[in-house]
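Here are a few exercises to work through with the structure in view. Try each one yourself, then go through the solution.

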Amino acid sequence: MKNRYIESFQKAQIGDKKVPQFKAGDTIRLGIKIQEGDKSRIQNFEGVCIAIRGNGVDRTFSVRKMGANNIGVEKTFPLYSESLDSIQVLRIGRVRRAKLYYLRARSGKAARIKELRKQDRTK
């Protein structure tokens, strides 16, 4: 049971922000607003969502990508952050777990995730 003031504050924080539905295993592209002095720009971060946790305003998700020289880069983002400009789902992955932390220990072909085919999406 939440306090009504906290509940109204959380609704104001979420506002009318449209967030696509995605889950662990999906490949997503994030547009992140970066402020440099008085200029701002949008930088893309593309990778596999490996975890989603929390609920409401506190919801966060972790994205993992392979950077330069095959170094794994993981970032955790609040779902309703002001710095997130856009979230785009590129591929829907077929996984059997909610948290894909085992991908940290894998590289190359072993780290691949099967894509959910169009005929499987309708089920």
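**Exercise 1.** In what order do the five strands of the open sheet lie, and with what pairing?

*Solution.* Before you start, note that this is a predicted model: local features need pLDDT of at least 70 and side-chain atom pairs 80 or more, while totals for chains, interfaces and linings use all residues. Residues are numbered from 1 along each chain, and side-chain values use heavy atoms, leaving out hydrogens and water.

- Find the strands, which are DSSP runs of E with at least two residues, numbered from the N terminus.
- Look for pairs, meaning two strands with at least two DSSP bridges between them.
- Read off the order: β4-β3-β2-β1-β5, with antiparallel pairing.
- Check the edges: β4 (72-78) and β5 (84-91) each have a single partner strand, so one side of each has no neighbour in the sheet.

**Exercise 2.** How many bridges join strand β1 to strand β2?

*Solution.* Start with the ranges, residues 27-36 for β1 and 39-53 for β2. Counting gives 10 bridges between these antiparallel strands. As an example, E36 sits opposite K39 in β2.

**Exercise 3.** Which residues are closest to the centre of the largest pocket?

*Solution.*

- Locate the pocket (on a 1 Å grid, an open set of points where a 1.4 Å probe fits, with protein on both sides within 12 Å along at least five of seven lines; lining residues have an atom within 4 Å of a point). The largest one holds about 310 Å³ of space.
- Among its 17 lining residues, V48, M66, L103, A111 and R112 are closest to the centre.
- Strand β3 (residues 60-66) gives the largest share of the lining, three residues.

Terms used: Grid points are joined across faces, edges and corners, and a volume is the space filled by probe spheres set on the points. Helices (H or I, at least four residues) and strands (E, at least two) are DSSP runs, numbered from the N terminus.
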